[in-house]
Amino acid sequence: MTIAADPTLIDDLVTANRILYDQGVVDGFGHVSVRHDKAPDRFLLARSMAPGLVTAADILVIDRDGEPVDAQRRTTYLERYIHSEIYKAYPAVQAVVHSHSPSVIPFGVTEVPLRPIYHMSGFLGAGVPVFEIRDAGGPATDMLIRTPALGAAMARGLGSAAVLLLRGHGNVVVAGSLPEVVFRAVYTEVNAKLQAEALRIGQGWVTFLNDEEAKAITETNRGQLGRPWELWKAQALAKAR
């Protein structure tokens, strides 16, 4: 049975898609989801399409196993199991972004860890693990999280972190709301750019946020999420008109 989600939540999910595209986190690929407000074992996700073109009519309800409740012949994302397995494993997670955010990619294929370099990225202070798909899927996958088993293995790799890197692929960001997960996805990309530049000009010597600083600023920023959300929303929707 299909349970209707709050129309405001659907509108916010559309907005999140548009913002992530406008901010350069996603392009023709990538996706964002939110847990269903009335059925926590389900979530909302757009049909398989470019995020920058998503409308409310494109939003599907997906069950806990990653299957659409009523697709109406609409194609679903191949990697929807990224979302279903995270929601299954982490009840506190309310929103998920998967992107191929370009500046982040190098940190998943080198020995240099992604760490919080400034106050906008304190959420990285919990550590940023790297998921190696070969460990779960063998040496000849197409790099995509296209099965529940791969999704479950990936979800285990997330642990208590806010961000998980997928080696040679992209990253996954989780949070307690759509505004927060968009904030984190945007500033993960920004942090990666700044960290790479700091490592270059500092010849490897960089002062990162310590654990206490990272925790403190994460809590502070959680109370300020409306500021960037409303700005990014206005910018993205203005361009869509």
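Visitor: What does Leu 178 touch, leaving aside residues up to four places away in sequence?
Guide: In this predicted model, Leu 178 touches Leu 9, Asp 12, Leu 13 and Ala 16, then Val 32, Ser 33 and Val 34, and also Ala 95 and Trp 229, with residues up to four places away in sequence not counted.

Visitor: And which residues touch the most other members of the largest nonpolar core?
Guide: That core has 72 residues, and those touching the most other members are Leu 44, Ile 86, Met 154, Leu 178, Val 181 and Val 182. Helix α5, residues 178-201, supplies the largest share of this core, with nine residues.

Visitor: Switching to α2, how many of its residues are buried?
Guide: Eight of the 10 residues in helix α2, which spans 80-89, are buried, so that the helix is mostly covered. The buried ones are Arg 80, Tyr 81, Ile 82, His 83, Ser 84, Glu 85, Ile 86 and Tyr 87.

Visitor: What do those buried residues pack against?
Guide: They pack against the strands β1 (31-35), β2 (43-46), β4 (95-99) and β7 (170-175), as well as against helix α4 (148-158).

Visitor: Now β2: which residues lie on each side?
Guide: Phe 43 and Leu 45 lie on one side and Leu 44 and Ala 46 on the other, and since all of them are buried, both faces of β2 are covered. In a regular strand the side chains alternate between the two faces of the sheet.

Visitor: Which strands does β2 pair with?
Guide: β2 pairs with β1 in the antiparallel sense over three bridges, where Ser 33 has Leu 45 as its bridge partner. β2 is also joined to β3, residues 59-62, by four bridges, again antiparallel, and there Ala 46 stands opposite Ile 59.

Definitions and conventions: Residues numbered from 1 in each chain as written. Predicted model: local features only at pLDDT ≥ 70, side-chain atom pairs only at ≥ 80, totals over all residues. Heavy atoms only, no water. Core = buried A, V, L, I, M, F, W, Y, C linked by side-chain atoms within 4.5 Å. Buried < 20%, exposed > 50% of the residue type's maximum accessible area, 1.4 Å probe, protein only. Helix = DSSP H or I, 4+ residues; strand = E, 2+ residues; numbered from the N terminus. Contact = heavy atoms within 4.5 Å. Pairing = 2+ DSSP bridges.
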